[in-house]
Amino acid sequence: AILVDVETGEEIATAVHRYANGVIDETLPDSDIRLKRESALQDPNDYIETVKAVIPAVLRESGIEGEEVIGIGVDFTSCTILPTLRDGTPLCKVERFKDNPHAWVKLWKHHASQPEADRINQLAAERNERFMRRYSRISSEWMFPKILEILNDSPEIYEAAERILEAGDWIVWMLTGREVRSACNAGYKAMWSPDEGYPSKEFFKALHPMMENVVEEKLSAPVLPPGRRAGGITERMAELTGLKPGTSVAVCTIDAHAGVPGSSVVEPYKMVMVMGTSTCHMMMSEDEVIVEGVRGVVKDGIVEGYYGHEAGQAAVGDIFA
């Protein structure tokens, strides 16, 4: 967490909390269940424990009172997804599913869904799907390859999942009690656009008969631009964090995309390169411009009112390391 003075941009305090379970890539916690190759899972409870730790920590360090905080913005590595019940309970916290790897969070770098990504790219090319012009190629890291992997490997988890959503959207839901989806996440990682929506029922049915109604059954929620007010902190979360009930929570954004306004770029035609485990090249424009090789052109994807273009070098930081 970082506490910022919104009038000056000054960083007042920071806090870090390490996830107890980190990246789960060999066996499930407290289990002998082995994971398949290139799995990368997480425990959603680690996210809640972090919220409970870092927000009070920055308040203590700064001496700022909770009621002085006017809002929270959440960013998250993406596409990181989890299946839940209708009330947001993660399936991995349901007793009968806790030993099933597909009930857990699939971290962005979960690459075990590569065969599913290959199938989606093949089918989209065969059908000449219009959404592909915005993406060049669909990645195994994105939402629908991971959902299809759940269905292929564990149809009982797919059927039990009343919602499947990005972890960033889930955190906002837990903070506010209101489920909304981020146009940043949906646009860059789930082939959504405000003009066309998600891919068609016909596409999903051709992909797998059980996925025909995946949007209506598991994804349907308002999709809002990042930075909009998603809702206010619940009484319960206010108790856990020390913030005032009703404190504004923004619709989430992807971590790299948060770095664009974070580095003061809020207008078109300036490129920001965000370097981390990957290097992301991002620029905004006033019109939709389709560029070969770009991995996403999303209206309101970075800053509301502009088209956000993203390209980059996946895993470049890991390769250097």
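## Exercises: sheets, cores and a cavity

An open sheet of three strands runs in the order E4-E12-E11, with mixed pairing. The model is predicted: local features need pLDDT of at least 70, side-chain atom pairs count only at pLDDT 80 or more, and totals for chains, interfaces and linings use all residues. Residues are numbered from 1 along each chain as its sequence is written, and side-chain values use heavy atoms, with hydrogens and water left out.

**Exercise 1.** Describe the hairpin of E1 and E2.

*Solution.* 
- Strand E1 (residues 2-4) pairs antiparallel with strand E2 (residues 11-14) over three bridges.
- Val 4 faces Glu 11 of E2.
- Six residues lie between the strands, and Gly 9 takes a positive phi near 80 degrees.

**Exercise 2.** Which residues touch the most other members of the largest nonpolar core?

*Solution.* 
- A nonpolar core is a set of buried Ala, Val, Leu, Ile, Met, Phe, Trp, Tyr and Cys residues joined through side-chain atoms within 4.5 Å.
- Buried means under 20% relative accessible area (1.4 Å probe, protein chains only).
- The core has 44 residues, and Phe 144, Ile 147 and Met 211 touch the most other members.
- Elements giving two or more residues include helix H2 (114-126), helix H3 (143-153) and helix H8 (214-219).
- H3 gives the most, six residues.
- Contact means heavy atoms within 4.5 Å. Not counting residues up to four places away in sequence, Phe 144 touches, among others, Ile 120, Tyr 198, Met 211 and Leu 219.

**Exercise 3.** What lines the largest cavity?

*Solution.* 
- A cavity is a set of points on a 1 Å grid over the protein atoms alone where a 1.4 Å probe fits but cannot get out; lining residues have an atom within 4 Å of a point.
- The structure holds one cavity of 30 Å³ or more.
- The largest cavity holds about 60 Å³, a volume being the space filled by probe spheres set on the points.
- Its lining includes Glu 166, Asp 169, Arg 181, Ser 182 and Asn 185.
- Strand E9 (181-182) and H6 each supply at least two lining residues.

Notes: Buried < 20%, exposed > 50% of the residue type's maximum accessible area, 1.4 Å probe, protein only. Helix = DSSP H or I, 4+ residues; strand = E, 2+ residues; numbered from the N terminus. 1 Å grid on protein atoms, 1.4 Å probe; cavity = no way out; pocket = protein on both sides within 12 Å on 5 of 7 lines; lining within 4 Å. Pairing = 2+ DSSP bridges.
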